[in-house]
Amino acid sequence: MRRLLALFFLAWRAVVLHPLRNALAGSRGKERFLENYAPEALVPYSAAERRVLPRFSGCIQCGLCDAICPLVPRLPRRQWRGPSLFAVAYSRSTPELSHLRTPIGLLDNCGTCSACQTVCPRAVPLLEIFAFTRRKLADVEKAA
Ligand code: SF4
Ligand code: SF4
């Protein structure tokens, strides 16, 4: 009888309890991810966002965009060294959004200029990268 009860208990765990626990944990997966990683500005990327990332990663660090950017001579270098900062960040596996938080605020001064993107020999879509970064940093704020 005890053996039968033990087998019944094992079956209950395998068939009901364990799958139920997994299902509940799965539904909280995103929430738990954000609890752990949002403070480090790590937020999930949608499938569509992951598809555009390779287009952002072509920078060869030639520096031409920094040389042409009109904000470079107007701002202290410790605040703004140029738009390549963004292109270089996206040329790595995962951009470190926390490092881009301060420079993104300075881009309010760009106006209608798009010189950095026009001069880029690798056609890195810098303006798209700026917009993408703004959206992801807004996601970080929401998750914090
Ligand atoms: S768009 Fe902004 S970052 Fe690019 S060159 Fe113009 S001022 Fe500089
Ligand atoms: S011009 Fe293009 S390739 Fe050169 S540093 Fe800027 S983003 Fe990178």
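**Entry: aromatic cluster**

I looked for grouped rings in this predicted model and found Tyr45, Phe56, Tyr90 and Phe132 in one aromatic cluster. I then searched the whole structure for aromatic pairs, and the search returned six.

I took the pair Phe56 and Tyr90 next. Their ring centres are 5.6 Å apart and their planes stand at 90°, so I noted the pair as edge-to-face. Phe56 sits in the loop between helix H3 (47-52) and helix H4 (64-68), while Tyr90 belongs to helix H5 (residues 84-90). The two residues are 34 residues apart, and I recorded the pair as a link between distant parts of the chain.

I checked burial for both. Phe56 has 1% relative accessibility and counts as buried. Tyr90 is also buried, with a relative accessible area of 2%.

**Entry: Phe86 and Phe130**

I looked up another of the pairs. The ring centres of Phe86 and Phe130 lie 5.1 Å apart with the planes at 70°, so this pair is edge-to-face. Phe86 is in helix H5 and Phe130 in helix H8, so the pair ties together parts that are 44 residues apart in sequence.

Are these two buried or exposed? Phe86 is at 0% relative accessibility and counts as buried. Phe130 is at 6% and counts as buried too.

**Entry: Lys136**

I went back to Tyr45 of the cluster and asked what sits over its ring. I found the charged end of Lys136 there, 4.5 Å from the ring centre. Lys136 lies in helix H8, which covers residues 126-143.

Which side chain makes a polar contact with that of Lys136? I found the side chain of Glu49, at 3.0 Å. Leaving out residues up to four places away in sequence, I listed the residues that Lys136 touches: Val43, Pro44, Tyr45, Glu49 and Leu97.

**Entry: Cys116**

With residues up to four places away in sequence not counted, Cys116 touches Cys65, Ile68, Pro83, Leu126 and Phe130.

Terms used: Residues numbered from 1 in each chain as written. Chains lettered and ligands numbered in written order. Predicted model: local features only at pLDDT ≥ 70, side-chain atom pairs only at ≥ 80, totals over all residues. Heavy atoms only, no water. Helix = DSSP H or I, 4+ residues; strand = E, 2+ residues; numbered from the N terminus. Polar contact = N/O pair within 3.5 Å; in protein donor to acceptor, adjacent residues only side chain to side chain. Contact = heavy atoms within 4.5 Å. Phe/Tyr/Trp six-rings, centres within 6.5 Å; stacked < 30°, edge-to-face > 60°. Buried < 20%, exposed > 50% of the residue type's maximum accessible area, 1.4 Å probe, protein only. Lys NZ or Arg CZ within 6 Å of the ring centre and 35° of its normal.
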